[in-house]
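Please look over the sequence and the model shown here before reading on.

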Amino acid sequence: MIDSIFVAVGGFFGAMSRYGISLWASRRPSSFLPVGTLIVNLVGSFLLGILAGSHVGGAVSMLLGTGYMGAFTTFSTFKLESIQLGRKREWKVLIIYLLVSYIAGIMLASFGYWIGHMIQG
């Protein structure tokens, strides 16, 4: 039961953080990439890497990993935006979006994991 509360609290703050970044991104000059989703997913990859690398468990993992990062990052919006780019036949933008999201996301998660491992000692 207590784990569910940690996930819910973390999820609330993760969703609010994502919403804030989306608002900020929507006020910026238009970009050819979906910047808001890209930012949350890349930052989330890095932060989750740190969390995993530091091998925290229990309540911290439930609060920050499952709750906060689960609500902060958005796989479903990323997929929907990818489909929308494909339907608009913006192939070059779609390929750039996919490559940046996957390659940079994996690199940032790895770098975060390394940092988390160093923090843990």
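In UniProt, an unreviewed entry places the feature "binding site" at Gly 70 and Thr 73, and the lining of the largest pocket takes in Gly 70 and Thr 73 from this set. UniProt positions are given in the numbering used here, with shortened feature names, and annotations may be inferred rather than shown by experiment. A pocket is found on a 1 Å grid over the protein atoms alone, as an open set of points where a 1.4 Å probe fits, with protein on both sides within 12 Å along at least five of seven lines, and lining residues have an atom within 4 Å of a point.

The model is predicted, so that local features need pLDDT of at least 70 and side-chain atom pairs count only at pLDDT 80 or more, while totals for chains, interfaces and linings use all residues. Residues are numbered from 1 along each chain as its sequence is written, and side-chain values use heavy atoms, with hydrogens and water left out.

The table gives relative accessible areas, where buried means under 20%, exposed over 50% and partly exposed in between (1.4 Å probe, protein chains only).

| Residue | Relative accessible area | Class |
|---|---|---|
| Ser 54 | 15% | buried |
| Gly 70 | 48% | partly exposed |
| Thr 73 | 25% | partly exposed |

Gly 70 is found in helix H3, whereas Thr 73 lies in the loop between H3 and helix H4 (75-87); helices are DSSP runs (H or I, at least four residues), numbered from the N terminus. Leaving aside residues up to four places away in sequence, Thr 73 touches Arg 18, Val 40, Asn 41 and Gly 44, where contact means heavy atoms within 4.5 Å.

Among the buried residues of H2 are Val 40, Asn 41 and Gly 44, and the buried residues of this helix pack against helix H1 (2-27), H3, H4 and helix H5 (91-120). How far apart are the end C-alpha atoms of H2? They are 27 Å apart, which agrees with the 27 Å that its 19 residues should span at 1.5 Å a residue, because the expected span is 1.5 Å times one less than the number of residues.

Ser 54 is found in the loop between helix H2 (35-53) and helix H3 (58-72). A polar atom of the Ser 54 side chain lies 3.0 Å from the backbone oxygen of Leu 51, and Ser 54 also touches Gly 116, His 117 and Gln 120, not counting residues up to four places away in sequence.

Conventions. Helices (H or I, at least four residues) and strands (E, at least two) are DSSP runs, numbered from the N terminus. A polar contact is a pair of N or O atoms within 3.5 Å; within protein, one must be able to donate a hydrogen and the other to accept it, and residues adjacent in sequence count only if both atoms are side-chain atoms.
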